[in-house]
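Reader: I am new to this structure and would like to learn how to read its features. Please take them one at a time.

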Amino acid sequence: MLRAKKILAVGLILPIVILIGITANLKYTIEHGKEVILPISGYDPRSLLQGYYLMYTVDYGITDICKNEHFHSEQKAYVCLEPKQFSYSQPENCAILIQGTCQYRTFKAGVERFYASQQNAQQLEKLVRNHSASVALAVTKSGQAFVKYLLVDGKRWEAN
Amino acid sequence: MSDASKLKDWAAQGLITAEQAAKILDYQNSKPQSSWILNSFLILGALTICLGVISLVAANWENYPHALKLVTNFSILTVVAIIIFRSYTPEPTTKFNILLLTFIILCLASMGLIGQIFHITSPWYQTALVWAGISFIAVITTQSYITWLIWLGALIWGVLGYLNIGIFDANPHKLEIFISTTFFLVFSLFISQKYTRNTGLSKGIFSWLIFLTPATILWTDFDSRYTFIPHQSTIYPGILPTLMLAIYAIFYASDLKKIQKILISSTLATIILALIIRDINLHNITFFALFGRSANALLSIVAFALIAVLMGSLRKQYLFYLFIFLIFLRILSYYFEAFGSLATTGLGLLFAGVLIIGLVILWKKNAKKLLAKIEGWTNAAS
């Protein structure tokens, strides 16, 4: 019985520790990653079980992104912001790299959603439609990008 | 009827003596009495408090700072974990199983909360796999069928999602991966029954196998009708190893009778044959036009029939009826496929109606007899 209780203890502690670890890692990464501000467009407010969020397309300032791949399948791809280029293999000598995937001829880096409360999501959607909007990303050296905050007309948007 | 009345009745029937009846009644009266009415109100009160707390929190949840949300979340997880640990007994209890299921669902909810706070967009299968990974050790401490069913579902569909077999994915080996998964589940069921004493795990694997097997058969059947991929190889290297594992499992399963092993092997062979015919259909329009469409419909019916007989031999009556029902459905759908627009004419519909009624009458007259015969064959073969 002691062995079974030890296994149970590990089984209960491990998920909590891992989740706290993930949270801490995300917090650290977002605070210490290189900040990059990119314009966004194509807004679409959504609501799902996990809450309300705004979906948008990030403008990386590069043409011909994800143009030469099979329409349906997910394919790993890289956007380099300095110097601006797009490729399906990791580029060398890239100062700011964002990794993602191409699917349906769209580059997705996991930064295309911004969660807000129902009231704020509706207000935000109206604001971004009528003004110019951008997203501030925290980018790691390995190319992972995370959303920090949204900007409307160059000013950081804060929830009410 | 109260205990006293029952005991009086039994004593009158001579099942027990009057002295025994009196002793039983004395013993029952000496036990502490628990009123189910009072207990129900206690549970209702506790639930109402919980609902009140949840409502208060939920009403203002969106206004809480992220840090508070995270602290609350992890505090709840920790409290539930402590309750589970303190309530553990060597014999599994319903309370423990429910608490553990609550805990792992809360872990999933925590992942959702973290994703929401940090605006994380990740593919659903990644979430499923991470959740399956972090909750695995907790799940192995339970024998709860529901918990294992949910966990296995997350694992299976997480892996399939990772391998890009979604409807909109252009992976040319989607069907072969799905078939390989079914074969691997046969092997997994054997391993779980032979090397673990976890009945929840075995039942969970069996349930997913029962779901995936007809899905595999029907997908193979229909795939060749609507897909034409000229000059593309559909050989998938994963099929052969998983098939070998499934055959090994069937061969060494000590709790299966010979006839049952033959039935399972024949079903696997039918699936492989259907896959080969599907491949020929994809690359040879003439073959498809002449044989392919009907061949795969027939193989589906054969596979369902083999599984129905297997379920009958395993005394799983409801699954026997389910697979017989699938046979009837397939016959009906083949009728509409074969006759095309003719089937929707007045005469066609008339014939379809007669066919349906005929199948139902056949079913009503013979299903129980067939089931009894199958059980008889199985017993005779052992």
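Author: We start with a pair of helices: α5(B) and α7(B) cross in the left-handed sense. A crossing is left-handed if the near helix is turned anticlockwise from the far one by less than a right angle, and right-handed if clockwise. Helices (H or I, at least four residues) and strands (E, at least two) are DSSP runs, numbered from the N terminus. This is a predicted model, in which local features need pLDDT of at least 70, side-chain atom pairs count only at pLDDT 80 or more, and totals for chains, interfaces and linings use all residues. Residues are numbered from 1 along each chain as its sequence is written, chains are lettered from A and ligands numbered from 1 in the order in which they are written, and side-chain values use heavy atoms, with hydrogens and water left out.

Reader: At roughly what angle do the axes of α5 and α7 of chain B cross?

Author: Axes are lines fitted to C-alpha atoms, for helices over the stretch in contact, and angles run from 0 to 180 degrees between N-to-C directions. For helix α5 (residues 94–117) and helix α7 (residues 145–162) of chain B, the axes cross at roughly 20° and come within 9 Å. α5(B) is therefore roughly parallel to α7(B). Angles under 35 degrees count as roughly parallel, over 145 as roughly antiparallel, 65 to 115 as roughly perpendicular and the rest as oblique.

Reader: Which residues of α5(B) and α7(B) meet?

Author: Contact means heavy atoms within 4.5 Å. B:Asn97, B:Leu101 and B:Ile104 in α5(B) touch B:Ile146, B:Thr147 and B:Ile150 in α7(B). This contact has 4 nonpolar, 2 polar and no charged residues. Ala, Val, Leu, Ile, Met, Phe, Trp, Tyr, Cys and Pro count as nonpolar, Asp, Glu, Lys and Arg as charged, and the others, Gly among them, as polar.

Reader: Are α4(B) and α5(B) roughly parallel or antiparallel to each other?

Author: They are roughly antiparallel. The axes of helix α4 (residues 66–87) of chain B and α5(B) cross at roughly 165° and come within 10 Å. The crossing of α4(B) past α5(B) is left-handed. Residues in contact include B:Phe74 and B:Leu77 in α4(B), and B:Phe103 and B:Leu106 in α5(B). By class, that contact has 17 nonpolar, 4 polar and 2 charged residues.

Reader: What is the area buried between chain A and chain B?

Author: The size of an interface is often given as the accessible area lost when the parts come together. Buried area is the accessible area (1.4 Å probe) that two parts lose on being put together, summed over both. Between chain A and chain B it is about 3100 Å², with carbon and sulfur atoms giving 74%. On the chain A side, A:Leu8, A:Leu12 and A:Leu19 lose the most area to chain B, together 19% of what that side buries. The contact takes 37 residues from chain A and 32 residues from chain B.
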